[in-house]
Amino acid sequence: MSDTQPNKRPVLLIVEDDPGLQAQLKWAYEDFEVVIAGDRASALTLLRAEDPVVVTLDLGLPPDPDGTTEGFAVLDEIMALRPDIKVIVASGHGARESALKAIEKGAYDFYQKPVDIDALGLIVRRALHLSRIEAENRNLATRASSDNKVLGRMITAAPEMVKVARTIERVANTNASVMLLGASGTGKELLARGLHDASNRANGSFIAINCAAIPENLLESELFGHEKGAFTGAVKTTEGKIELASGGTLFLDEVGDIPLQLQVKLLRFLQERTIERIGGRRSIEVDTRIVCATHQNLEAMIADNRFREDLYYRLAEIVVRIPSLAERPGDATLLAKTFLLRFAAEMNPQVKGLAADALAAIDSWNWPGNVRELENRLKRAVIMADGKLVTAADLDLPSSAQEQGTPLNLKTAREATDRKIIRHALARSEGNISSTAKLLGISRPTLYDLLKQYDLQT
């Protein structure tokens, strides 16, 4: 944006066809670099070339100087090209109706002719100030996302998830098999990829397979491959996923869904580090690290003879339990802001942030579907949002929710509540201590004392 460049004045685009008013306005803004257009074509050319921060737009432009048709057409094109820009429209024709229509189309403000230069100047400078605040907020959100990444890709500020990431980093350069246990949507594949990237196998392939998504009669071929002619339809020799991941990592998601007869073959591979393709007669040495995940209770499955105990201990040399999103206070807000930035850029650039009721709803919702549910709700909300802020209604969430499982002990309840509220406030304030203290209604020293008391990291 132009005003972020050092020693360069912000650009103000004035779209006005009256030469006298053009001259008046040009010299009224000494703190701006003023560029002037008298019609739609020149306005759009200057918009692209000069990257203005603020636009003043007369709705009465040729070829419809006595109406508003052309002015609204220009406004539509400006908002399509630059939805973040602050457009201030002016008209002497049906002022109230034009104002409402302009704001609905995305204009920042409206003023009625004849022009009061000083009053318009205040509106223009207020628009510039707001534009700078919005740009800074976007930069803060981007920096916050970057600062709160663990394993290079997972966004979190929760000590629970940081601990998980540190465990994965410690075991990354070993050949130990790792089992990730957690509910659906908690980011198991993301962590598996992070483990691979942090390991000395990072230059090898990372291959993921969902064992629950492949029919039993095809899963063996998917994992171990087959020789030409091994069965009807086997027209060529095909390597399995274990073989393809040699030198790298194979991620077996939903490993609890592997049928018992195939568990035996997988166990043999883990013991001998060799495989045989279906229809094959020779052993093939394979150097593949296995990382697996499941949301099922494998110990209960072992008790029911649905999962082999010896295979479990081969796969679970290192067990990492992943907390649910509800067990990571503050992360829902942090992730929501990150998802909103991404989806808004892709699908609805007019969306700029989360309304207060949306933040409250995100904080209070239990997120049974975890990060996957949060991501899906944000995607839908950005698509459906009519305004610049996503609301609780856009998220299809109640604006407040009852707390569940509150402890009866008053001291414990108070400490749990303090921790949760402080972490939510830190997340909303992007970790800024002054903003967090202000949000909580306490002094900075008091906040520092609480952070130390509860061992909360910023």
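Across the protein, pLDDT (the predictor's confidence in each residue, from 0 to 100) averages 85, and 90% of the residues score at least 70. This is a predicted model, so to speak: local features need pLDDT of at least 70, side-chain atom pairs count only at pLDDT 80 or more, and totals for chains, interfaces and linings use all residues. Residues are numbered from 1 along each chain as its sequence is written, and side-chain values use heavy atoms, with hydrogens and water left out.

**Overall picture**
- You've got 19 helices and 18 strands here; these are DSSP runs numbered from the N terminus, with helices being H or I of at least four residues and strands E of at least two.
- Of the 458 residues in the protein, 48% are buried (buried is under 20% relative accessible area, exposed over 50%, partly exposed in between, with a 1.4 Å probe and protein chains only).
- Among contacts with a separation of 6 or more, 67% join residues 24 or more positions apart.
- The accessible surface comes to about 22,800 Å², and carbon and sulfur atoms hold 49% of that; areas come from the Shrake-Rupley method with a 1.4 Å probe, and for residues only the protein chains shown count as cover.

**Helix α8 against helix α10**
- The axes of α8 (residues 216-224) and α10 (residues 260-272) come within 10 Å and cross at roughly 10°; axes are lines fitted to C-alpha atoms, for helices over the stretch in contact, and angles run from 0 to 180 degrees between N-to-C directions.
- That makes α8 roughly parallel to α10 (angles under 35 degrees count as roughly parallel, over 145 as roughly antiparallel, 65 to 115 as roughly perpendicular and the rest as oblique).
- On the α8 side the contact uses Glu216, Leu219, Glu220, Leu223 and Phe224, while α10 brings Gln261, Leu262, Lys265, Leu266 and Phe269.

- Ala213 sits in the loop between β9 (206-210) and α8, and Ala213 is exposed, at 60% relative accessible area.
- Ala213 and Glu254 are 41 residues apart along the chain, with their C-alpha atoms separated by 8.9 Å.

**Helix α18 against helix α19**
- The axes of α18 (residues 433-440) and α19 (residues 444-453) come within 9 Å and cross at roughly 95°, which makes α18 roughly perpendicular to α19.
- Residues in the contact include Ile433 and Leu440 of α18 and Arg444 and Tyr448 of α19.

Methods
Contact = heavy atoms within 4.5 Å.
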